Amino acid sequence: MAILDESVGTTTSSADLSLSMRRRPRAGADKESASAEDSDTTSSSKMTVFSLEAESLVNGSQHDRGQIGAAVDGGGRVENKELSGNADNDGGEKVGNGEQREDANLGKFTYRPSAPAHRRIKESPLSSDAIFKQSHAGLFNLCIVVLVAVNSRLIIENLMKYGWLIQAGFWFSSTSLRDWPLLMCCLSLPIFPVAAFVFEKLAQQKYIAEPVVVTLHILITSATILYPVLMILRFDSAVLSGVTLMLFACIVWLKLVSYAHTSYDMRVLAKSVDKGEASSVSSTSNYCYDVSFKSLVYFMVAPTLCYQTSYPRSACIRKGWVVRQVIKLVIFTGLMGFIVEQYINPIVKNSQHPLKGNLLYAIERVLKLSVPNLYVWLCMFYCFFHLWLNILAELLRFGDREFYKDWWNAKTVEEYWRMWNMPVHKWMVRHIYFPCLRNGIPKGVAVLIAFIVSAIFHELCIAVPCHIFKFWAFFGIMVQVPLVMITSYLQDKFRNSMVGNMIFWCFFSILGQPMCLLLYYHDLMNRKVKTA
């Protein structure tokens, strides 16, 4: 067997090397013979080290260098062990001198120019088979540097060309005072949760029948939505104020539906336990039906849409952490305002209706609007779902802070809708999807019902403040249904996560939101012109 293996590529055999390296004067004693054999073992260890060093020098791979280090340590221990064992022998000094000669002799065979530099089949780092098997941290850092540099240049160019476009009344103006009816409406919305609590308390005391409780909850939840809608349509308020009120009203509606649905289920389970019919249900469920005003108040302010009597709680409030998050919230909110006023508003004002003007011009406007619109959307997501919800959770010691998942890695549109807004997703699964399945509705129809509910609320939050009911937001959400099927089909066909992810980003950041923004803006401007 060749002692220098394929990593070096020589054909010198171990017998020949051992024979040439043992040619030294012998004393004729058995001890020296034993020492020579031990020396031969040590030389084998040293030659392995040189073999690995040669491979490391040729390859330059970190893995091979790690093997060399391990082999050196092992060889060193073998060498020390053999030398310590031979310290009691008379030929110890001869063995040491022999090892030095062997090391020098091995160097001659290890670093030969005839040693092969190419021994294995290897792929280039950027080839399709190897690109996902390595880290791309350096390229990611390069992209960040380029992105910062390019956007810094665009900001400077914009300021030099158009000047400072943000007006003094961006945050507050005298026209904001006319929105006081909307503010009063927002402050009066807590009346509905109090009414829901009263109805549940009466149901617990069995003062009212079950059908009556359900009917009252339906009336309460309906009034929670209709009351703000009528106030916004009655008073000509700012769009931003109307959107804020509708978002708050929708959150209260979702919470009240969860409170009523959960309380009804707990009453049913409590009756089943009393009758001994729920023994087969998991023992981890909580059958204790207790109507607590404290639990309702905590639920209404907690960053969740799903009601339960208790939640996982953190140990303490990190005040310093909260201050840092508040500072970030202020900074990113200001950044959103800067992008909207400095970039989005001028682009939208200088555009035409995307469905009525020149097609190429409309495509150019949509593409130009897609980048700042994407920045604003990402800042909004970071401010609300990460900063604000985590601040609220920290102040309330709310433990479950999975407000979103890694939706940016979504391979299909379905994955995106399941991961980007976890509070709404959990509400949909708990109060719409599984109840539909339990009532015999097919899975596809249950998904369609969930999208219809989502589309209705998107339309309410945009159309009502704009006083425009052309259902652009509704159709925009319902278009997601065929996109779910298309992206799922492409994912199954290509078996490549990049294809679905790129399609998702294309529809999401380029064709979706910029188009809806242009449609609603021009319809809003046309409405103002007609009413002027």
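These are my notebook entries on what I looked up in this structure.

**Entry 1. The whole chain**

I began by noting that the model is predicted. The protein chain has 18 helices and 0 strands. Its length is 532 residues, and buried residues make up 38% of them. I also looked at how far contacts reach along the sequence. Of the contacts between residues at least 6 apart in sequence, 73% join residues at least 24 apart.

**Entry 2. His-458**

Next I checked the annotated position. UniProt, in an unreviewed entry, puts the feature "active site" at His-458. I found His-458 in helix 15, which covers residues 443-466. Is His-458 buried, partly exposed or exposed? His-458 counts as partly exposed, because its relative accessibility is 31%. That value falls between the 20% and 50% limits.

I then listed the surroundings. Leaving out residues up to four places away in sequence, His-458 touches Ala-473 and Ile-477. A polar atom of the His-458 side chain lies 2.7 Å from the backbone oxygen of Ser-454.

**Entry 3. Ala-455**

I stayed in helix 15, where Ala-455 is also found. Ala-455 counts as buried, because its relative accessibility is 0%. With residues up to four places away set aside, Ala-455 touches Phe-474, Ile-477 and Met-478. Ala-455 and Phe-475 are 20 residues apart along the chain, and their C-alpha atoms are separated by 7.4 Å.

**Entry 4. The second largest pocket**

I turned to the second largest pocket. Its volume is about 1300 Å³. I counted 35 residues in the lining. Which of them lie nearest the centre? They are Leu-147, Asn-151, Val-371, Pro-372 and Tyr-375.

Three helices each supply at least two lining residues: helix 5 (137-162), helix 11 (319-349) and helix 12 (359-396). Helix 5 gives the largest share, 13 residues. By class, the lining divides into 26 nonpolar, 5 polar and 4 charged residues.

**Entry 5. Ser-370**

I went on to Ser-370, which lies in helix 12. Helix 12 is one of the helices that line the second largest pocket. Ser-370 counts as buried, because its relative accessible area is 7% and the limit is under 20%. A polar atom of the Ser-370 side chain lies 2.6 Å from the backbone oxygen of Leu-367. Setting aside neighbours within four places in sequence, I find Ser-370 in contact with Ser-509, Ile-510 and Pro-514.

**Entry 6. Cavities**

I searched the whole structure for cavities of 30 Å³ or more and got 2. The lining consists of Tyr-259, Ser-263, Met-266, Tyr-289, Asp-290, Val-291, Tyr-307 and Thr-309. I sorted these by class: 5 nonpolar, 2 polar and 1 charged.

**Entry 7. Phe-299**

I looked up Phe-299 next, and found it in helix 10, residues 293-301. Phe-299 counts as buried, because its relative accessible area is 0%. Apart from residues up to four places away in sequence, Phe-299 touches Lys-255, Ser-258, Tyr-259, Thr-304, Leu-305, Cys-306, Tyr-307 and Tyr-311. Tyr-259 and Tyr-307, among these contacts, are also lining residues of the second largest cavity. Phe-299 and Ser-310 are 11 residues apart along the chain, with their C-alpha atoms separated by 9.1 Å.

**Entry 8. Positive phi**

Last, I checked backbone angles. Most residues other than glycine have a negative phi. Lys-206 is not a glycine, yet its phi is positive, about 60 degrees. Where is Lys-206 placed? It sits in the loop between helix 7 (191-204) and helix 8 (210-234). Lys-206 counts as exposed, because its relative accessibility is 71% and the limit is over 50%.

Arg-397 is in the loop between helix 12 and helix 13 (413-419). Arg-397 counts as partly exposed, because its relative accessibility is 30%.

Key:
Residues numbered from 1 in each chain as written. Predicted model: local features only at pLDDT ≥ 70, side-chain atom pairs only at ≥ 80, totals over all residues. Heavy atoms only, no water. 1 Å grid on protein atoms, 1.4 Å probe; cavity = no way out; pocket = protein on both sides within 12 Å on 5 of 7 lines; lining within 4 Å. Points joined across faces, edges and corners; volume = space filled by probe spheres on them. Helix = DSSP H or I, 4+ residues; strand = E, 2+ residues; numbered from the N terminus. Nonpolar A, V, L, I, M, F, W, Y, C, P; charged D, E, K, R; others polar. UniProt positions renumbered as here; feature names shortened; annotations may be inferred. Buried < 20%, exposed > 50% of the residue type's maximum accessible area, 1.4 Å probe, protein only. Contact = heavy atoms within 4.5 Å. Polar contact = N/O pair within 3.5 Å; in protein donor to acceptor, adjacent residues only side chain to side chain.
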